[in-house]
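Here's a quick briefing to read alongside the picture.

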Amino acid sequence: MRISSFLFVSLFGLVNAVSATPLIQHWQTASGARVYFVEDHGLPMLDVAVSFAAGSGFDEAGRPGVAGLTNGLLNLGAEGLTEDQVASRLADIGAQLGGHFDTDRSGVSLRTLSSVAERDAALDILARVLQQPLFPEAVLAREKARLIAALKEAETKPDSIAGKAFGKAVFGEHPYGWWSEVADVEKIQRPDLLAFYRTHYGARSAVVALMGDITRVQAEAIAQRLTASLPPGGADARIPPVAVLIKGGEQRIAHPASQSHILIGAPGIARNDADYFPLYVGNYILGGGGFVSRLMTEIREQRGMAYSVYSYFMPMQQPGAFQIGLQTKKEQADAALQLTRAVLRDFVDKGVTEKELQAAKDNIIGGFPLRIDSNRKILEYLSVIGFYDLPLAYLDDFAANVGKVTRKQIHDAFKRRVHPDAMVTVVVGAPQAQEKTTGSGK
Amino acid sequence: MRLLSGVAGVLLMLAAWFASAQVFEQTLPNGLKVVVKEDHRAPVLVQQIWYRTGSMDERTGTTGVAHVLEHMMFKGTRSVPMGEFSKRIAAAGGRENAFTSYDYTAYFQQLHRSRLALAMQLESDRMHNLRMSATEFGKEVRVVMEERRTRTDDEPHALMYEKLMAAAYQEHPYQHPIIGWMNDLEAMTPADALEWYRSWYVPNNAVLVVAGDVRADEVFRLARRYYGKIPARPLPLRKPFQEPPQAGIKRIVVKAPAQLPHLIMAYHAPTLRDAEQDSLPYALEVLAGVLDGNESARLNKTLVREQQIASEIGAGYDNSARGPGMFVLEGTPSEGKTVADLEAALREQLARLVRDGVSADELQRVKAQVTAHEVYKRDSVFYQAMQIGQLETIGLGHRALPVMLRKLQEVTAQQVQEAAREILKDDYLTVAVLDPQPLSASPKRSGGVSHAH
């Protein structure tokens, strides 16, 4: 796409050519994996990401942490490679192995030079890590100890404490709200990881994203090589439904920090929701749009009450959270909380102005080229489009979908989907020293 | 060997890249240096303006003023009212922000390639037309205090780093945090910020970097139009700082609410003054890579994986700064191990380096990563502009970049060993230890006490 758009401009000298979107090639490997490929020879490098429906949402009830450790141990030892060999061989060729892990998606990514020797060596390691991981006992014991240390540390941090309490309150017994406790991690054994891997890392749930300096023929061979020996399993890739309507309530948790960490929210929307674009554009106006959102203007610009204040929807396979967050010094936490609630209530009640909507569209549509201006960003889009089965034309249609949103749609969507009276509020480092929990929202 | 030939191939290609490097520069009559990096992969651009002024130019009593002024730069000029700067950039589809460091202050906008004139119009306007409203200042300095609480006061590791710097430096202004001491923020006035602005925000103290899908001649033309009329002014005298020799090891303890202890060992170290002539900073850069440049590097391999003394470990060194540098080792002991155990294990690793040096494999690995990184970084127009701006503001200039890469490739195993011997001495060392405090027993901290303005 870059090449073609460049040629277009230099040949015809147009200044405002519509920015081209990358040409996405899509196919399925013999192994059953779905492949999304953008060919681009602008830089001598290749980015690869392989994703599976194996995020924390696929943990079994009562056994949180297995999915995360499975992801974490993939590149710590594979058939014929110790963890040290994985690391040193990649380092020898300047390749970088990375990962992605959230409630839905577990992935491994690779960035390598595209010169044949480096690329081959790097892909050989990626192929083994994905298809023949060993989950060595000794490595598991060590990684469990490190994870437990990190969990204990997190228990002392106000933002982690708030996030955990918020997740539990918003999602209840649903896996989106689970949090690994030390005791959960302690009981995880190697057979748990092996079983999880066999069940959730099948080729049929795999999405291979490829971006960069290879040809279609090479891409086909690579995708097959990375997935041909994945486990045969075809586990149900669905996560249980989220109970979207909650009762709400407020929790205040003591903490010696100088600031209160405030989170407000409820279950929001899923990735394939029909209200996605009205809510996305609306949220830009409420608390998503950098320095110009309503929350930023009211809390920070006009009153100097916080450095950071935001809102977002986290659209996942099932409805992820709608969340507002800020930190402010304890003495003014109650005032900031009231103000935030007032801004939200006003937004839901009255909707947005035509001027605000136009400004939001100008930014989102005008800024679209910045979303796809690097191989890394395009690779992530390929993974998301593949994983959530979005239309291949998702990027092509993005601007038009934003452009179609109306004030009425935003108002309707927020009224139906965002209920300020049935939201969870968590305040860590609460102004009142004693802990208190109330059962109903204010 | 096949692999080596591949990396060598990349080196050749990089050399060719630099030879044809599409970096252009021009200095306007008012002293503003303009550097353009053409990159036509995507129809976007970034404008960054870099002022050679950071927290190291501050004095006690007004620490944090460089960063407060950075915030105030978004608060309106004589012709662009409060809030309009951000609104106009947003309406153009742009993203914008700014950052302040010890050495510099920089502002940027990322936009479609057709919007450079708008970005230049707004940025040049606030270089000389800023309005310092007392009301806006009063609100914004409170925002900065909240930023300080979020980023430092309530973040044990950041707090530890702040106190480590204050202990390690006696004379050099790196002893003061970039965000400023809370008391200085509380006492800061609009006049302090205005004086800072008038002293340092002049074209002859700035570098304009534009990178992306632009043509250099067009950028220069627009730069002359928008920035060319801003008059130059003499700059305040910059005092030299020469940290007096440290006379022995320094140790500090920092108490904060946390679960795990933490250890930082920081050695005074030089930074580059002459990219061609210097050698020690390059050897230190490679040394940091040998210790912590990849997952198989020494510290992670021995202390986390084999001995399991640490749950987290790291080493770092940055060879580019206006002031002196630090070679830093940092880690968290594993459950059942103490910071003393970890310090002893780290010292054993350093002693091994000094005694036995580094292997050819280790050296080659670090260099291969440097080479690959040079390719990868081209995936980000923003990062390329950032590198140019940093090199310009710290005084090395962007043309030092290919020299620096070549010099890194020339580092020998013996130089690395000698660098370790020369720098990793107790007389240059400050050790900081985090002493974790239970949440319930922590004393109320002074950071959040309310105050009058």
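Let's start where domain 1 and domain 2 of chain A meet: four residue pairs are in polar contact across that interface, both partners at pLDDT 80 or more. Keep in mind that this is a predicted model.

**Inside chain A**

- As for where the domains run, the assignment for chain A gives domain 1 as 31–227 and domain 2 as 249–377 + 388–434.
- Their C-alpha centres sit 29 Å apart.
- Contact between them involves 25 residues of domain 1 of chain A and 26 residues of domain 2 of chain A.
- Together these two domains bury about 1900 Å², and carbon and sulfur atoms give 67% of that area.
- How many salt bridges are there between domain 1 and domain 2 of chain A? The count is one.
- A:Arg34 and A:Asp389 join their side chains in a salt bridge, at 3.6 Å from N to O.

**Inside chain B**

- Chain B is split into domain 1 (19–226) and domain 2 (250–437).
- The C-alpha centres of these two domains of chain B are 28 Å apart.
- Where they touch, domain 1 of chain B puts in 38 residues and domain 2 of chain B puts in 36 residues.
- The area buried between the two domains of chain B is about 3200 Å², with 69% of it on carbon and sulfur atoms.
- Four salt bridges are counted between domain 1 and domain 2 of chain B.
- B:Arg41 and B:Asp379 also pair up through their side chains, in a salt bridge of 3.3 Å from N to O.
- For polar contacts between these domains of chain B, the tally is 15 residue pairs, both partners at pLDDT 80 or more.
- Which element gives the most to the side of domain 1 of chain B that touches domain 2 of chain B? That would be α6(B), with nine residues.

**Where chain A meets chain B**

- The contact between the chains takes in 73 residues of chain A and 74 residues of chain B.
- Chain A and chain B bury about 6200 Å² between them, and 56% of this is on carbon and sulfur atoms.
- Three residues, A:Pro256, A:Tyr307 and A:Leu370, supply 11% of the area chain A buries against chain B, more than any other three residues do.
- Ten salt bridges are counted between the two chains.
- B:Asp379 turns up again here: its side chain meets that of A:Arg111 in a salt bridge, 2.8 Å from N to O.
- There are also 28 residue pairs in polar contact between chain A and chain B, with both partners at pLDDT 80 or more.

**The nonpolar cores**

- In soluble globular proteins, nonpolar side chains tend to be buried together.
- Here, the largest nonpolar core has 135 residues, and those with the most contacts inside it are A:Val48, A:Leu210, A:Leu226, A:Tyr394 and A:Phe414.
- Helix α12 (residues 333–350) of chain A gives this core its largest share, eight residues.
- Both domains of chain A take part, with at least three residues of the core drawn from each.
- A:Val48 touches, among others, A:Leu110, A:Leu123, A:Leu210 and A:Leu226.
- A second, separate core has 53 residues, including B:Ala66, B:Phe74, B:Ala193 and B:Phe220.

**One residue to look up: B:Glu147**

- You'll find B:Glu147 in helix α5 (residues 134–153) of chain B.
- Is B:Glu147 buried or exposed? B:Glu147 counts as buried because its relative accessibility is 3%, and the cut-off for buried is under 20%.
- Among the residues B:Glu147 touches are B:His67, B:His71 and, from the other chain, A:Tyr307.

How values were computed. Residues numbered from 1 in each chain as written. Chains lettered and ligands numbered in written order. Predicted model: local features only at pLDDT ≥ 70, side-chain atom pairs only at ≥ 80, totals over all residues. Heavy atoms only, no water. Core = buried A, V, L, I, M, F, W, Y, C linked by side-chain atoms within 4.5 Å. Buried < 20%, exposed > 50% of the residue type's maximum accessible area, 1.4 Å probe, protein only. Helix = DSSP H or I, 4+ residues; strand = E, 2+ residues; numbered from the N terminus. Domains from an automatic or database assignment. Contact = heavy atoms within 4.5 Å. Buried area = accessible area lost by both parts, 1.4 Å probe. Polar contact = N/O pair within 3.5 Å; in protein donor to acceptor, adjacent residues only side chain to side chain. Lists of a residue's contacts leave out its neighbours within four places in sequence.
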